[in-house]
Amino acid sequence: MDIKNTIAILCKLLNTLYKTTLKPEHFRQAKFGKTEENVVPVLLDSLCKILNVNHFRDVYNKLNTLNYNRLVLHTECFGSSRELLIALGFLIASSLEKDLIAKMKMNQYPNIDIPLFKPPIINWKTLGEFELKNYKTWLCGKISSNNKLTEQYTEHTSMIQEKYNKNLNIKSHGKLTLYEILALKNDKIGQQFLMETESLLTLTSIYKEWHKNENQFWKWMVCIFNENCYIQIIHFFNPFLQLTVMEESKKSPVK
C-alpha cells in the first residue's frame, strides 16, 4: 500500500474517533509547511479535539502536560502547518490507542435517558416502627424478586450463548454486560445498542487496517524533521515506534 492510501486510512480513523475533518492533502501540504486547503485551521481543530480543549491557546499547555518538549510550538508558531503536523504525529503515537480503548469501554455502559427504576420517596423522619417493618418486608420481597429475575436472565443468557456457539462456531465468555441485558429487554435500548455496536465495529475495522500499515506512515514522518530525525523521534514517539522508525529509516525514505 502506498503512503497516500495509508494516510487516507489514518484520516478515516481520526475522523471517526475524534470527529475531525482531516484529508491526506492536509498531511501533504503540512509536510512542506504550506497553508493551502485550510490546512492550519484543520490541523488546529484536530489538535483541539484530540486534546479535548476548546481553544487553540490551550493546545500548547495541554501538550506540555504530556511532556511534548518541542519548544518551537507556541502561540506565535500556530501558523506553521509543519509544526502542527509534528504535534499531531506525537498525539497519534501517544494517545490514539488509549483513546480507542476508552471508547470501547464506554460502550459497556448504557447512556440512556429512561429511568431503570424509580426509588420510593420516603420521609424517614415521619416513619414509625410499624412503617419501618413494612418497608423492611418490602425490601426483602424486592431482593427476592430481583434474585429470581437474575436466575431467569442467567438461564436465558446461557441459552442465547449456546445458540451463538452453535450457529457462529465461537466460544463466548458466557456473561452479558448490563447494557446487553437491557438491550435484550428494551426495544429502544436495543436499537441504541445496535447503532453503537455497529459504530465500534467500523472503528475497529479501520484501526485494524491502520495497524497493518502504520509503519509506512512513521517512515514518512521521519522525512518531516529538518533536524537530526533520530534524536527527535526518541523524544516524541513511544518505544515501539522508536524501534519501527529506526528499522524503517535504514531503507530509503518514503517520499
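# Helix packing, cysteines and positive phi

Among contacts in the chain between residues at least 6 apart in sequence (contact means heavy atoms within 4.5 Å), 63% join residues at least 24 apart. The model is predicted, so local features need pLDDT of at least 70 and side-chain atom pairs count only at pLDDT 80 or more, whereas totals for chains, interfaces and linings use all residues. Residues are numbered from 1 along each chain as its sequence is written, and side-chain values use heavy atoms, with hydrogens and water left out.

Reader: How many helices and how many strands does the chain hold?

Author: The chain comes to ten helices and zero strands, where helices are DSSP runs of H or I with at least four residues, strands are E runs of at least two, and numbering starts from the N terminus.

Reader: The axes of α3 (residues 39–51) and α5 (residues 81–106) cross at roughly 30 degrees; what makes α3 roughly parallel to α5?

Author: Axes are lines fitted to C-alpha atoms, for helices over the stretch in contact, and angles between N-to-C directions run from 0 to 180 degrees. Angles under 35 degrees count as roughly parallel, over 145 as roughly antiparallel, 65 to 115 as roughly perpendicular and the rest as oblique. The two axes come within 10 Å and cross at roughly 30 degrees, and α3 is therefore roughly parallel to α5. Residues in the contact include V39, L43 and L47 of α3 and L84, L88 and L91 of α5. By class, the contact of α3 with α5 holds twelve nonpolar residues, one polar and one charged, with Ala, Val, Leu, Ile, Met, Phe, Trp, Tyr, Cys and Pro counted as nonpolar, Asp, Glu, Lys and Arg as charged, and the others, Gly among them, as polar.

Reader: The axes of α5 and α8 (residues 187–222) cross at roughly 155 degrees; why is α5 called roughly antiparallel to α8?

Author: The axes come within 12 Å, and their angle of roughly 155 degrees is over the cut-off of 145, so α5 counts as roughly antiparallel to α8. Among the residues that make this contact are L85, I92 and L96 of α5, together with L203, Y207 and W210 of α8. Its residues divide into 15 nonpolar, two polar and two charged.

Reader: Why are α2 and α5 called oblique to each other?

Author: Their axes, which come within 7 Å, cross at roughly 120 degrees, a value that falls among the rest of the angle classes, and α2 and α5 are therefore oblique. In this contact F27, Q29, A30 and K31 of α2 meet S81, R82, L85 and L88 of α5, and by class there are four nonpolar, two polar and two charged residues.

Reader: How do you know that C11 and C48 are buried?

Author: Buried means under 20% relative accessible area, exposed over 50%, and partly exposed in between, with a 1.4 Å probe and protein chains only. C11 has 2% and C48 has 10%, so each counts as buried. The structure holds zero disulfides (a disulfide being a pair of cysteine sulfur atoms within 2.5 Å).

Reader: What makes the phi of K19 worth a remark?

Author: Most residues other than glycine have a negative phi. K19 has a positive phi near 60 degrees, lies in the loop between α1 (3–18) and α2 (24–31), and counts as exposed because its relative accessibility is 59%. N38, likewise not a glycine, has a positive phi of about 55 degrees, sits in the loop between α2 and α3, and counts as exposed at 55%.
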